[in-house]
Amino acid sequence: MGLDLTAYLDRIGIAGPVSADLDTLRNVVAAHGRSIPFENLDPLLGIPVADLSAEALADKLITRRRGGYCYEHNGLLGYALDELGYGVDRLAGRVVWMKAPDAPLPALTHNVLAVTVPGEAGRFLVDVGFGGQTLSSPIRMQTGAVQQTRHEPYRLTEVPTLGAPVYELAAQVRGQWQPLYRFTAVPQPRIDLEVGSWYVSTHPGGIFVVGLTAALVTDDARMNLRGRNLAIHRHDGTEKIRFDTATQVLEALTARFGINLSDLDGVDVEARLAQVLDS
């Protein structure tokens, strides 16, 4: 079965007719980012994320009104773009955000989309699953040029390699170019993406297993939660909030990020959050 496109568009707040053009792609990416939160509660609570089918992702992110991480966000968006008539390739990447230049190369644990728009030359990089620093607009898969999104400027560069071309995405954060991840343009089968998702949702030392992360990209701000610390980044500065208790964090997940915590009925979420407030 394919994705129920009407249910997806309703989830992200888009009504009326849509077509496979560049304006619609931009609108869908923006609406998705402001409507479906980035969150890792399943891995944090010991629930593996291994099924990336349209049915599983729609059940969690649409019907149960939860969020997810890259494999879930870009997986769901990819199915929606398929239904809308875009060309979609699923790609894999290595996260280098906040890594030392001489650090070992990380595993392929990020998922992004390369999207072909009817009537437009080339392809677009689309990513609604990189948490608080995710792309807020599609950008062209062209190296060298600085490309403005609804928030910061981004750019793609090619990393010298002996094999297939490797691209690095960087964002201009507080005036400095910060590398985010590297990827190739080689399409990935779903089974390989599911292996990556299972790995990041179960590895004992993985960031999604040992600490809480949530994010939401609104039209004028980026909200990032890590443990008890919430940062709200706007163009004119950053507001920082430190929660004292796990109860306050739970309230923020519901009120600020729109996460349906009743979906986790029967699980002591508060007790687990109390263990990772300072992670």
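1. Buried here means under 20% relative accessible area. By that cut-off, the buried residues of helix H4 (residues 54-63) are Ala 54, Leu 57, Ala 58, Lys 60, Leu 61 and Ile 62. Note that the list includes a lysine, Lys 60. The cover over these residues includes helix H1 (5-11), helix H3 (41-44) and H5. An α-helix has 3.6 residues a turn, so residues three or four places apart point the same way.

2. The model is predicted. Please read each value below as computed from that model.

3. Overall make-up. The protein holds nine helices and 13 strands. Its radius of gyration is 18 Å, close to the 19 Å that the globule rule gives for 279 residues, so the protein is as compact as a globular protein of that length. The C-alpha trace spans about 50 × 45 × 40 Å along its principal axes.

4. Burial and contacts. Of the 279 residues, 51% are buried. Take the contacts between residues at least 6 apart in sequence: 58% of them join residues at least 24 apart.

5. Surface and charge. The protein exposes about 12,700 Å², and carbon and sulfur atoms supply 52% of that area. There are 25 positive and 32 negative side chains. The centres of the two sets lie 6 Å apart.

6. The end of H4. Which residue just after H4 takes a positive phi? Arg 65 does, at about 55°, although Arg 65 is not a glycine. Arg 65 sits in the loop between H4 and H5. Its relative accessible area is 42%, so Arg 65 is partly exposed. This backbone angle is worth a look on screen.

7. Arg 174 is another residue other than glycine with a positive phi, here near 50°. Arg 174 lies in the loop between E8 and strand E9 (176-184). Is Arg 174 buried or exposed? With a relative accessible area of 73%, Arg 174 is exposed.

8. Gln 172. This residue belongs to strand E8 (residues 166-173). At 27% relative accessibility, Gln 172 counts as partly exposed. Setting aside residues up to four places away in sequence, Gln 172 touches Glu 152, Pro 153 and Trp 177. Gln 172 and Cys 70 are 102 residues apart in sequence; their C-alpha atoms are 21 Å apart in space.

9. Arg 190. Helix H6 (residues 190-202) contains Arg 190. Arg 190 is partly exposed, with a relative accessible area of 43%. Which residues does Arg 190 contact, leaving aside neighbours within four places in sequence? They are Asp 51, Leu 52, Ser 53 and Tyr 79. Arg 190 and Ala 215 are 25 residues apart in sequence and 25 Å apart in space, C-alpha to C-alpha.

Terms used
Residues are numbered from 1 along each chain as its sequence is written. This is a predicted model: local features need pLDDT of at least 70, side-chain atom pairs count only at pLDDT 80 or more; totals for chains, interfaces and linings use all residues. Side-chain values use heavy atoms; hydrogens and water are left out. Helices (H or I, at least four residues) and strands (E, at least two) are DSSP runs, numbered from the N terminus. The radius of gyration is taken over C-alpha atoms; the globule rule is 2.2 Å times the number of residues to the power 0.38. Buried means under 20% relative accessible area, exposed over 50%, partly exposed in between (1.4 Å probe, protein chains only). Contact means heavy atoms within 4.5 Å. Accessible areas come from the Shrake-Rupley method with a 1.4 Å probe; for residues, only the protein chains shown count as cover. Lys and Arg count as positive and Asp and Glu as negative; His and the chain ends are not counted. The place of a charge is taken as NZ of Lys, CZ of Arg, CG of Asp or CD of Glu.
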